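Here is a short briefing to read alongside the coordinates. It goes from the overall picture to single residues, with confidence notes on the way.

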Amino acid sequence: MTLTKADEFAEFVASQQTALLRFGVVLCGDRYLAEELVADVLAKVYERWSDVAAADHRNAYVRRMLANHYVSWQRKWGRLLPHVDDALDTAVPDRTGEHADRDSLAASLRRLPRQQRAVLVLHFYEGLPADAIAEVLGCRAGTVRSHLSRGLEALRIDYTRQEATDA
Amino acid sequence: MPDLRDLHNEFARLEQEIPEYYRSPVIAERMAQILDQPRRRAHTGRRPTIAMALLAAAAVVALAVAVVSISRRSGDHAPVGQNSTAIKSPPISNSPSTQGSPSQSTSTHSSSTPKANGAAMPQTGSELISYIQGAALVKVSDYEQGEPGPGQAMRPTPGIAEFNTPSGNITCAIVDIEPGGPADVQCEAQQASFHIPPKPASCQNDWAGYFGFIEQREVTVGACVGGPEFGPTTQVLPYGSAIRQAGIGCRSESGFLACADLSTGHGFAVNRDTLKTY
């Protein structure tokens, strides 16, 4: 029996939803926003299902769409929205150093410009090199390297010392 | 101080916010709408026709606004720094530069005769180098200032020097973060009227046409961007001064800003009306 477009799409959503949501929440840091972003992207996926279905790496194709949607969402709306994490960041946690460090890192991540954060996620979570990230985001490799450097600087992570083995 | 292991741990922690086999109600609702659309369309026979008519009317209005805007700007030769209501959307050029291609000779993108407010732009790459080297140098480290977090002091960003022109119209960054490699420079004009290349099909983000850069010794006009390219900077490169880092130099004057790879003479001069590449 031949599957219809709707059947194929529904099957794809069922099999990839968890992975996409996890990628989305790492990208944006907010579970509920991740659900909105993934839902938006899945709507686009359905519109261009023939392209997606024909792609060599279907999952990578959709993740690329998600990363782009997240970044462009910021371009359009990011400057209009307040930083929701400021209160979290300014609170002084009465905890052990380990927890304080983790909270501080999480707060710094939330404050990153979204393209910087997307670059960090694509590099350190997805494992993509700068050239591949540039292709995913449709920007230049120099911009990716610049965002990597700035992002790690903002997180207070010494890139040159910690990432000496990275190509 | 956090390290990369902490970053990986944070990503793993975020991942776990989505339990295995979680089914999102938001996605379920959106899927139901998507998959229901064909049926709804079948029951609303005339609606697509009405929508298309409305779209056509909107397109006619937008075209009229664009024509009026372009004709107004055709007489606008205000110098850099003069406040203007010019919109950022440019007229489409018939002879655009190609994104990513090196500039082998000089090329001018201009909405008018390329006169830079009295001062002539250099004609050749070697003239461009001499011009930039003729200005007093500022201290690069003064321009390597990162964005402070809330309540934090400025933090230096070694290797990334950012500045605005005194008018505030042009923002640039000289990026030198690859040891031994050539530095890159990127500049964006907030308001400009020169012709720019059209958005390439490969660009899935926003097209920043008023964007010139030298990367890996090549000059390009236009950039595909997914977010702000520059950190907010208050540093100003005063008129009559130049900044130099890793073989890249930029000189600021009231007539135009010029940047070049000082070893090759490839670069650009830019103001509100003109972008000239070398």
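What percentage of the 167 residues of chain A count as buried? The figure is 43%, and for the 278 residues of chain B it is 37%. Please keep in mind that this is a predicted model, with an ipTM of 0.81 and a pTM of 0.52.

**Overall make-up**

- Chain A has ten helices and zero strands, so its pattern along the sequence reads α-α-α-α-α-α-α-α-α-α.
- In chain A, 60% of the contacts with a separation of 6 or more are between residues 24 or more positions apart.
- In chain B, 62% of the contacts between residues at least 6 apart in sequence join residues at least 24 apart.

- Chain A has a mean pLDDT of 77, and 75% of its residues reach 70 or more.
- Within chain A, confidence is highest in helix α1(A), at 92, and lowest in helix α5 (residues 86-90), at a mean of 36.
- Residues 74-95 of chain A stay under 50 in pLDDT, and the model gives this stretch 20 contacts beyond four places in sequence.
- Chain B has a mean pLDDT of 73, with 62% of its residues at 70 or more.
- Residues 44-48 of chain B fall below 50 in pLDDT, and this stretch has zero contacts in the model beyond near neighbours in sequence.
- Residues 113-117 of chain B also have a pLDDT under 50, but here the model has 13 contacts beyond four places in sequence.
- Where pLDDT is low, the predicted coordinates should not be read in detail.

**The largest nonpolar core**

- In soluble globular proteins, nonpolar side chains tend to be buried together.
- The largest nonpolar core here has 97 residues, and those touching the most other members are A:V38, A:L66, B:V185, B:C250, B:A258 and B:C259.
- Helix α1 (residues 5-28) of chain A gives the most to this core, with ten residues.
- Leaving aside neighbours within four places in sequence, A:V38 is in contact with A:L20, A:L21, A:G24 and A:L66, and also with B:I27 of the other chain.

- A:L42 sits in helix α2 (residues 31-47) of chain A.
- A:L42 has 23 other C-beta atoms within 10 Å, so it is buried; the cut-off for that class is 20 or more.
- Not counting residues up to four places away in sequence, A:L42 touches A:V13 in its own chain and B:I27, B:R30 and B:M31 in chain B.
- A:L42 and A:V13 are 29 residues apart along the chain, with their C-alpha atoms separated by 7.8 Å.

**A helix crossing in chain A**

- The axes of helix α7 (residues 114-124) and helix α9 (residues 141-154) of chain A come within 9 Å and cross at roughly 95 degrees.
- That angle makes α7(A) roughly perpendicular to α9(A), because angles of 65 to 115 degrees fall in that class.
- On the α7(A) side the contact is made by A:Q115, A:Q116, A:R117, A:V119, A:L120 and A:H123, and on the α9(A) side by A:V144, A:H147, A:L148, A:R150 and A:G151.
- By type, the residues of this contact divide into four nonpolar, five polar and two charged.

- B:Y21 has a positive phi of about 65 degrees although it is not a glycine.
- B:Y21 is in the loop between α1 (4-15) and α2 (25-42) of chain B, and with 8 C-beta neighbours inside 10 Å it counts as exposed.
- B:A246, another residue other than glycine, also has a positive phi, near 45 degrees.
- B:A246 is in the loop between β8 (241-245) and β9 (248-252) of chain B, and it is buried, with 22 other C-beta atoms within 10 Å.
- B:E127 belongs to helix α4 (residues 125-133) of chain B and is partly exposed, with 16 other C-beta atoms within 10 Å.
- B:E127 and B:G265 are 138 residues apart in sequence, while in space they are 8.2 Å apart, C-alpha to C-alpha.

Technical notes:
Residues numbered from 1 in each chain as written. Chains lettered and ligands numbered in written order. Predicted model: local features only at pLDDT ≥ 70, side-chain atom pairs only at ≥ 80, totals over all residues. Axes fitted to C-alpha atoms, helices over the stretch in contact; angles between N-to-C directions. Helix = DSSP H or I, 4+ residues; strand = E, 2+ residues; numbered from the N terminus. Parallel < 35°, antiparallel > 145°, perpendicular 65-115°, else oblique. Contact = placed C-beta atoms within 7 Å. Nonpolar A, V, L, I, M, F, W, Y, C, P; charged D, E, K, R; others polar. Core = buried A, V, L, I, M, F, W, Y, C linked by C-beta atoms within 7 Å. Buried ≥ 20, exposed ≤ 12 C-beta atoms within 10 Å, placed from the backbone. pLDDT = per-residue confidence, 0-100.
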